[in-house]
Amino acid sequence: MALGRHSDFNRLWFGQTVSNFGDKISLLALPTLAVVVLDGGALEVGVLGALRFLPFLLLAPIAGLVADRVSRRTVMIVADLGRFLALATIPLAFALDSVSMTHLFIVAGITGCLTTFFEVSYQSWLPQLIGTENLIEGNTKLQISRSVAEAVGAGAGGALIQLLGAARAITADAFTFLISLVALLVIRHRDVRERTEERKASAKAEMKEGMRTLFGNPVLRGLFTANVVVNLGAAMGDALLIVYAYKVLDLSPGQVGVAFAVMSVFVIVGAVLSEVVSKSLSVGRLLVITAVVLGAGYILVPTGGSIGGFVGLIVVQAIIGFVSPMFDIHVLSLVQGVTPNEQMGRVSGTALSAVYGALSLGYFAGGALGEGIGLTAGLAVAGTVTIVGGLTLLAGPVAKIKEMPTGDTAEEGSPAADEAKITA
């Protein structure tokens, strides 16, 4: 693989792998501390969860503007340092017997905001770090790390919390951000700024420029629309899956855990095979097919459950897990490949804000559908929305894209260059 000896990418990959595992520790340790130590309830746990992800909806466009104006690597370093310091206050306060729910809310909010700035800068910096021709490989490796962390991180975090206690376990997460920071510091690559010093556009004008690029480019507009609709449908389906497993299939917590563990394993398999599959199918076809199969998976959950019960649910979960990372990897790689470098932050920030908004709305809508029309019908609606998201790609040029654009294509940034890899 081309990135096997790319030392700067390997440093970034190592740092992100470590911090991904650490993040899973806090994902479990913060609510555990709230419930077990501070006697919190569902409301407090819900607020903690919202504070981790709401900043993406509110701050991602601003983070994108910052990423296009200053060094993206510097933003990432500051974000890692800030997250380390914020999380480190929790075990310190615990040791002083002064930890409180308000303290947890503040830390969750700060880490959520800093994570927003980190993610937007990281997605904007990657194409310049490794070249657009290596984006699928790079995003695949990073997705594998995230998938492995999802699969085993929670279990490892639970064991660490059991061994050390929730507050001390958060110390481990804090130090993973310190490791990520060191990895960034030793990367030799520096940002190349294409914007001239004489150009002093206002923040408002620059935001409008990014919006024009996102919605004026037919490839980016098509990817944006499909990604938002697919994530909306998938979130609706995910909100209903676990309820369906318990209330309709009458599965035990252990069986539900196994089903979701199988899905996590197939997420890893899908990420690993993503690059191989992309060589057999064109990029455009792969995006349409994976979105349609993902939606069909949610529709088939009741069928699989009624025919095979526990086994049927596992099969459907495996299908969903297999295709979802392929869709995500190729959407991200294609966006990075066709977006001009100097606008990457604003385009990524706006897109991330919309995607997280769709996820939030999807979880809410899924719950409402389950209550209003029933779980089976709700899953059918969720799957249909997801399929429609994939089919929207057929209305534009994305479905005709054969392969990822080259570095030259992305740099040119013209409509003709953006469609250089599109066939009629």
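Reader: Is Gln 317 buried or exposed?

Author: Buried means under 20% relative accessible area, exposed over 50%, and partly exposed in between (1.4 Å probe, protein chains only). Gln 317 has 1% relative accessibility, so it counts as buried. Gln 317 lies in helix H11; helices (H or I, at least four residues) and strands (E, at least two) are DSSP runs, numbered from the N terminus. A word on the source: this is a predicted model, where local features need pLDDT of at least 70, side-chain atom pairs count only at pLDDT 80 or more, and totals for chains, interfaces and linings use all residues. Residues are numbered from 1 along each chain as its sequence is written, and side-chain values use heavy atoms, with hydrogens and water left out.

Reader: Which residues does Gln 317 touch, not counting those up to four places away in sequence?

Author: Contact means heavy atoms within 4.5 Å. By that rule, Gln 317 touches Leu 241, Ala 259, Phe 260 and Met 263.

Reader: Leu 241 is in H8. At what angle do H8 and H11 pack?

Author: Two packed helices are described by the angle between their axes and the distance between the axes. Axes are lines fitted to C-alpha atoms, for helices over the stretch in contact, and angles run from 0 to 180 degrees between N-to-C directions. Here H8 (residues 218–247) and H11 (residues 310–338) pack at about 155 degrees, their axes being 11 Å apart. That makes H8 roughly antiparallel to H11. For the wording, angles under 35 degrees count as roughly parallel, over 145 as roughly antiparallel, 65 to 115 as roughly perpendicular and the rest as oblique. The H8 and H11 crossing is left-handed: the near helix is turned anticlockwise from the far one by less than a right angle, whereas clockwise would be right-handed.

Reader: What residues meet there, and how do they divide by class?

Author: From H8 they include Leu 220, Leu 223 and Val 230, and from H11 they include Ile 320, Phe 327 and Leu 334. The residues of this contact divide into 14 nonpolar, two polar and no charged. Ala, Val, Leu, Ile, Met, Phe, Trp, Tyr, Cys and Pro count as nonpolar, Asp, Glu, Lys and Arg as charged, and the others, Gly among them, as polar.

Reader: How do H3 and H4 pack?

Author: H3 and H4 pack at about 160 degrees, with axes 8 Å apart. That makes H3 roughly antiparallel to H4, and H3 passes H4 in a left-handed crossing. By class, this contact has 15 nonpolar, seven polar and four charged residues.

Reader: Where is Ile 170, and what does it contact?

Author: Ile 170 lies in helix H6 (residues 166–185) and is buried, with a relative accessible area of 0%. Beyond its neighbours within four places in sequence, the contacts of Ile 170 include Ser 26, Leu 30, Leu 87 and Pro 91. Ile 170 and Pro 91 are 79 residues apart in sequence, yet 7.0 Å apart in space, C-alpha to C-alpha.

Reader: And how many helices does the whole chain have?

Author: The chain has 15 helices and zero strands. Of its 424 residues, 53% count as buried.
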